[in-house]
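Please look over the structure below before reading on. The numbered points then take one topic at a time.

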Amino acid sequence: MPDSQENTVSRRYGIPLSALSTSQIDGIRRIPRHQDARPPSLLERRSVEIFLSDEYWKLEKARIFRAKPVVVAPSALLPEPGMVVAQDGYGIPLLITRDKAGKIHLFLNACTHKGAALVDDCAARKWSTISCPYHAWAFGLDGRLIGVPRAESYANFDKTTRPLTRLPSQESGGLIWGILDPHAEADFSIVDDQIAVDFQHLGLPNWHLYGQRRFNLDANWKLVMEPFLEGYHVQRLHVNSIGPQGMDMFADVVGVADRFGLHTRQTSGRGNYKPEVLDDPQINIRNFVTHAYNLFPNTVVITSPYYTSVMIIMPVDAAHTRVDYYMLTETAPDNPKAEELYARSFTIIQDVFGNEDFKASELCHRGLASGAVPDVIYCGMEAAIPQFYEGIEGVLRAESQS
Ligand code: FES
Ligand SMILES: [Fe+2]
């Protein structure tokens, strides 16, 4: 993005350092000057089996993706009361609603008459009720069955016995979390409060959904997560786009990593970062610092100067992954210049993530599947990756003992 245009928009929409959470400010103040930044020296290993094995994926599915909270959508997908959207990315038909009072509900997207999908695509819509396309049973956005055509033809039928099948859900910090098992206990304790506080300070609960796109990838979901946990590749994989031969936005340094429960926050100084910029209360801090959150297990939130990327990385099986990418902006574009800039950013970010990061994940999966190496090794520039895997391994172990 040419700097002059970027600054025009970010001056208008920017966030000063003081608007961030105490924890975020503390993280930013710990970013060293680029020339003083030293990555730790380490060599960590993970067996290729964690990426290739169907057995390992089955464990992850049972003990994490069907047992623990996962993000199903950003709040911005349903910005107003009275909205409905389907989410099919997890291989379970989900229906997310925001009722008239603004409360989020998560259901199986299946009619309780004979199971027909109630919503057949993933577009968000404003509806006051949900009507099944088959025999037109009607449900409230709170899941109650409220209308049955020719109800007199059912003998002894009590409508209250056939509400939509509810899944545990919670909305916090601008994200909607769900547990994808209708029988699961509604335990959202791993959704760390600090994450929600940080996201409130980033404005996520009120931001506008500018655009979204689904990617279907031939790679294990963790290989898709990896590039968002390290800065090692940025100057190299992205050399011609956002790297040194392109927009040259970033420095070749490792970010300040903080862990909140199983989640990771990486705070990185962009190429133009110097500690002195923090003395100016007028700056848009997002011009100088990037936040990348890796939310356990499969969601990435990354800040740019005037937009935020949310990615939900949903495994299909051990070798295939769907990614829902959402670009959020502070407001809807209200002038042609902002529209042009957002549109161009949306194109660029899809290109960088899609044709570079996601492509690299697919290339790795193919190479690992060839048997080229018995394990993957990680250096100090990638230290957050094995840390993230320790979180996954801890949950897999704890569940096997319980
Ligand atoms: S399957 Fe939905 S009304 Fe019959
Ligand atoms: Fe990248």
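The points below go from the domains to their contact, then to a strand pair and a helix.

1. This is a predicted model. Its chain is assigned two parts: domain 1 covers 3–55 + 194–401, and domain 2 covers 69–178. The domain centres, taken over C-alpha atoms, lie 32 Å apart.

2. Now the contact between the domains. Domain 1 puts 21 residues into the contact, and domain 2 puts in 12. Which elements of domain 1 supply at least two residues each to the side that touches domain 2? They are helix H5 (193–201) and the strands S13 (208–217), S18 (307–317) and S19 (320–329). By type, this side of domain 1 holds 15 nonpolar residues, four polar and two charged.

3. Next, a strand pair. Strand S1 (residues 44–47) runs antiparallel to S20, with four bridges between them. Within S20, Tyr378 is the bridge partner of Glu44.

4. Strand S20 (residues 375–378) has two faces. Val376 and Tyr378 make up the covered face. Asp375 and Ile377 make up the uncovered one. In a regular strand, side chains alternate between the two faces of the sheet.

5. Last, helix H4 (residues 54–65). Its buried residues are Trp57, Glu60, Ile64 and Phe65. Why do the buried residues of H4 line one face of the helix? Seen down the axis, they fall within an arc of 70 degrees, so they share one face. An α-helix has 3.6 residues a turn, so residues three or four places apart point the same way. The face of H4 turned away from the buried side carries Glu55 and Lys58, which are exposed.

Technical notes. Residues numbered from 1 in each chain as written. Chains lettered and ligands numbered in written order. Predicted model: local features only at pLDDT ≥ 70, side-chain atom pairs only at ≥ 80, totals over all residues. Domains from an automatic or database assignment. Contact = placed C-beta atoms within 7 Å. Nonpolar A, V, L, I, M, F, W, Y, C, P; charged D, E, K, R; others polar. Buried ≥ 20, exposed ≤ 12 C-beta atoms within 10 Å, placed from the backbone. Pairing = 2+ DSSP bridges. Arc of directions from axis to C-beta.
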